Amino acid sequence: VKNKVNSEPEKALKYARLQLQIVEIDTQIARAHLNIGLALDYQSRFDEAIVSYTKSLRLYDEIGDDFWQGQALLNLGIVNYLKEDYDAAVEDYHNALMKFDKLGDKSRMSAIYNNLGNLHKERKSFSKALMYHEKSLEIDLERKDSIGIAGSYNNWGIDYRGGKSAR
């Protein structure tokens, strides 16, 4: 389903709903709800996506799967950010960050810090944006992720330009 979401979100939604009809194991049901949420998200049907992501999150919580809980929380954060519900997005991002920190998933932690930086940039809170972008950069430097490093430096430039002197 994931590969079809970008190019054919209607088909992705159709197949994710079919998946939900035939699966019986909680992990598969949770994954189907996550896939439905992705398809709805790509169609900008954010309220419906939130419902699906929340169902997925509840199931993954019952199962005790921290990785997929973190992924559902990250997706919820992105949708809430797109809806401009920044307080909900911050809460979702921080909850996802706790899951990925527990798992040592530095890649996703860096992405979340970057998302938090972008969110605070939208709020014109440039010093907070810079703080989160710095955390993302620290992780990217540690991981030697050249694409992440370049993105972080780009965000720093925007933070400084927006805040004139964010520091």
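Q: Why is Trp68 called partly exposed?
A: Trp68 has a relative accessible area of 21%, and buried means under 20%, exposed over 50% and partly exposed in between (1.4 Å probe, protein chains only), so Trp68 is partly exposed. This is a predicted model, in which local features need pLDDT of at least 70 and side-chain atom pairs count only at pLDDT 80 or more, while totals for chains, interfaces and linings use all residues. Residues are numbered from 1 along each chain as its sequence is written, and side-chain values use heavy atoms, with hydrogens and water left out.

Q: What makes the pair of Phe67 and Phe100 edge-to-face?
A: Rings of Phe, Tyr and Trp (its six-membered ring) pair if their centres lie within 6.5 Å, and planes under 30 degrees apart count as stacked, over 60 as edge-to-face and the rest as tilted. The centres of Phe67 and Phe100 are 5.8 Å apart and their planes stand at 70 degrees, so the pair is edge-to-face. Phe67 belongs to helix α5 (residues 66–82) and Phe100 to helix α6, 33 residues apart, and the pair thus links distant parts of the chain.

Q: How do you know whether Phe100 is buried or exposed?
A: The relative accessibility of Phe100 is 0%, and therefore Phe100 counts as buried.

Q: Why does Asp105 count as buried, and which residues does Asp105 contact beyond its neighbours within four places in sequence?
A: Asp105, in the loop between α6 (86–103) and α7 (106–122), has 15% relative accessibility and so counts as buried. With those neighbours left aside, Asp105 is in contact (heavy atoms within 4.5 Å) with Phe67 and Phe100.

How values were computed:
Helices (H or I, at least four residues) and strands (E, at least two) are DSSP runs, numbered from the N terminus.
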